Amino acid sequence: MASMRDIKRRKTSIQSTQQITKAMKLVSTVKLQRAKTRAERSKAYFNCMYETIKGIIKRTGHIDHPYIVRSESEKKAVVVITSNRGLAGGYNSNIVKLVGAADWGKDDIFVYAIGKKGRDILKRRGYTIKEDYSEVINEPLYSDAVEIAGALLKAYENQEVGEIWMAYTGFKNTVSHIPTLIKLLPVDDTDIDLSGEEDDADSKVRSVMNYEPEETEALEMIIPKYMASLIYGALIEAVASENGARMQAMDSATSNAEEMIGTLELQYNRARQGHITQELTEIIGGAEALSN
Amino acid sequence: MADERAFALKIITPDRVFYEGEAIMVEFRTTEGEIGVLKNHIPLTCVVAPGVLRIRENDTEIKTAALLSGFVEILQDSVTILAEIVEWPDEIDVDRANEARVRAERRLAEKAESTNLRRAELALQRSVARIEAVKK
């Protein structure tokens, strides 16, 4: 059995770890609250944007525009949104797993990394990191999203890549975060129409919609905004998810520490008792030896 | 507010709901020119060019703002502006806008090969829109 001093040292060390995890949990709870309100506020914009794009594509049907029609290039650009810091449970590895599970050859992918953790893991596994925007995730701004969308569109227009995908962690609520992989470009009417089958009055109004400038031109101006808003939405949700995941991870770390401290406490007391008993036996034994 | 001419106006930016309420007329600039929208406009989607946004809430109350980019969806009884950048006059830094204007004008006048003319022109339009929104 370990000595009393060893057990005590172990207990103190776990206690100080617990203090740290507790503090980290508090910090991420506060950050989560902030990120959550931000995510909720940006949702209105995103939904409206999605409806409009859907409306345009529904109405125009098959138009011969590079943003809609699949291009020939086999390469894919993948925006991978992870965090800059670890200790967030499975948050980062889930995203990396998601990218790995997709049916793509490593050589066909250009990774646009947002978040150091994902970038490092993917790099180690032999993926090509085309751009790195890891600074962005600390405090995502809309202008950052515009910049990233611009770089992606440029690669797309130059035929360097034929498809643009994005892997991020969707924020459903505080405890449930869903790693998501979505296609940004080309905008397939198959992707878009699936959720909009019900032809209600609202879509009827939209079907007589006029466009100024006309559809194709409007599409060309709106698609970059659409991309930027998708990326921005994903960034905001990812930040909320990151803090949610870290909060959960730190919460279970804290309770694990609690449990370990309990066990060590028991061991310590047992060792102390054993020590006292032993001492007593020695004294009694000694006294008896003398009186004889 | 039982004004028959009123329609629902919503201005949303990626970060917040900028404006939500009723208006009887809203004016702004699109890529095709300035337009003013009243109730029962035909359904129209248009792309915003940098300019001044005027919201006429009733016969006396007019609100102005600088609307710099985004697009607008007009339906019969509602108008939704998806704005990437929109600012109330009191949020605008006039000195900075003035400076930006001078800088953009200079760049346009120089016509150096390295300058991106379209970008400079957009920057000029933006700064002018900001300055005008404050003046009104």
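# Notebook: two chains, A and B

I started with the two domains of chain B, and found the C-alpha centres of domain 1 and domain 2 lying 23 Å apart. A note to myself before going on: this is a predicted model.

**Entry: the domains of chain B**

The domain assignment gives domain 1 of chain B as 7–89 and domain 2 of chain B as 90–135. Then I checked how they touch. I found 11 residues of domain 1 of chain B in contact with 10 residues of domain 2 of chain B. On the domain 1 side, strand 6 (51–56) and strand 7 of chain B each supply at least two residues. Strand 7 of chain B gives the most to that side, with four residues. I also sorted the domain 1 side by class, and got eight nonpolar residues, two polar and one charged.

**Entry: chain B from end to end**

How many helices and strands are there in chain B? I noted two helices and eight strands. Reading from the N terminus, I wrote the order of elements down as β-β-β-β-β-β-β-β-α-α. For the dimensions, I have the C-alpha trace of chain B spanning about 55 × 30 × 25 Å along its principal axes.

I then went to the start of the chain. Strand 1 (residues 7–12) of chain B pairs with strand 2 (residues 17–23) of chain B in the antiparallel sense, over six bridges. A hairpin of four residues joins strand 1 of chain B to strand 2 of chain B. I picked out one bridge to look at: B:L9 has B:G21 as its partner in strand 2 of chain B.

**Entry: the two helices of chain B**

Next I followed helix 1 (residues 94–110) and helix 2 (residues 117–135) of chain B. They pack at an angle of about 150°, and their axes are 8 Å apart. What does that make helix 1 of chain B relative to helix 2 of chain B? It makes helix 1 of chain B roughly antiparallel to helix 2 of chain B, since angles over 145 degrees count that way. I have the crossing of helix 1 of chain B and helix 2 of chain B down as left-handed.

I went through the contact residues too. Helix 1 of chain B brings, among others, B:V94, B:A97, B:A104 and B:L108. Helix 2 of chain B brings residues including B:L117, B:L124, B:I131 and B:V134. By class, this helix contact has 12 nonpolar, two polar and five charged residues.

**Entry: where chain A meets chain B**

I turned to the contact between the chains. It takes 21 residues from chain B and 21 residues from chain A. On the chain B side, strand 5 (44–47), strand 7 (62–75) and strand 8 (78–87) each supply at least two residues. Which strand of chain B gives the most to the side that touches chain A? That is strand 5 of chain B, with four residues. I sorted the chain B side by class as 11 nonpolar, five polar and five charged residues.

Strand 6 (residues 210–212) of chain A and strand 5 of chain B pair in the parallel sense over three bridges. In this pairing, A:Y211 stands opposite B:T45.

**Entry: the sheet in chain A**

I listed five strands of chain A in an open sheet, in the order 3-2-1-4-5, with mixed pairing. Strand 3 (128–132) and strand 5 (177–185) of chain A are at the edges with a single partner strand each, so one side of each has no neighbour in the sheet. The twist averages 25° from one strand to the next.

Within the sheet, strand 1 (residues 76–81) and strand 4 (residues 163–171) of chain A run parallel and are joined by five bridges. One of these bridges puts A:K76 with A:E163 in strand 4 of chain A. I then saw helix 7 (residues 215–291) of chain A lying across strand 1, strand 4 and strand 5 of chain A, at about 35° to strand 4 of chain A.

**Entry: a helix pair in chain A**

Last, I looked up helix 2 (residues 91–101) and helix 3 (residues 116–124) of chain A. Their axes come within 9 Å and cross at roughly 45°. Helix 2 of chain A and helix 3 of chain A are therefore oblique to each other. I noted a right-handed crossing for helix 2 of chain A passing helix 3 of chain A. A:N92, A:I95, A:V96 and A:V99 in helix 2 of chain A meet A:K117, A:G118, A:I121 and A:L122 in helix 3 of chain A. I count these contact residues as five nonpolar, two polar and one charged.

Note on methods: Residues numbered from 1 in each chain as written. Chains lettered and ligands numbered in written order. Predicted model: local features only at pLDDT ≥ 70, side-chain atom pairs only at ≥ 80, totals over all residues. Axes fitted to C-alpha atoms, helices over the stretch in contact; angles between N-to-C directions. Parallel < 35°, antiparallel > 145°, perpendicular 65-115°, else oblique. Left-handed = near helix turned anticlockwise from the far one by under 90°. Contact = placed C-beta atoms within 7 Å. Nonpolar A, V, L, I, M, F, W, Y, C, P; charged D, E, K, R; others polar. Pairing = 2+ DSSP bridges. Domains from an automatic or database assignment.
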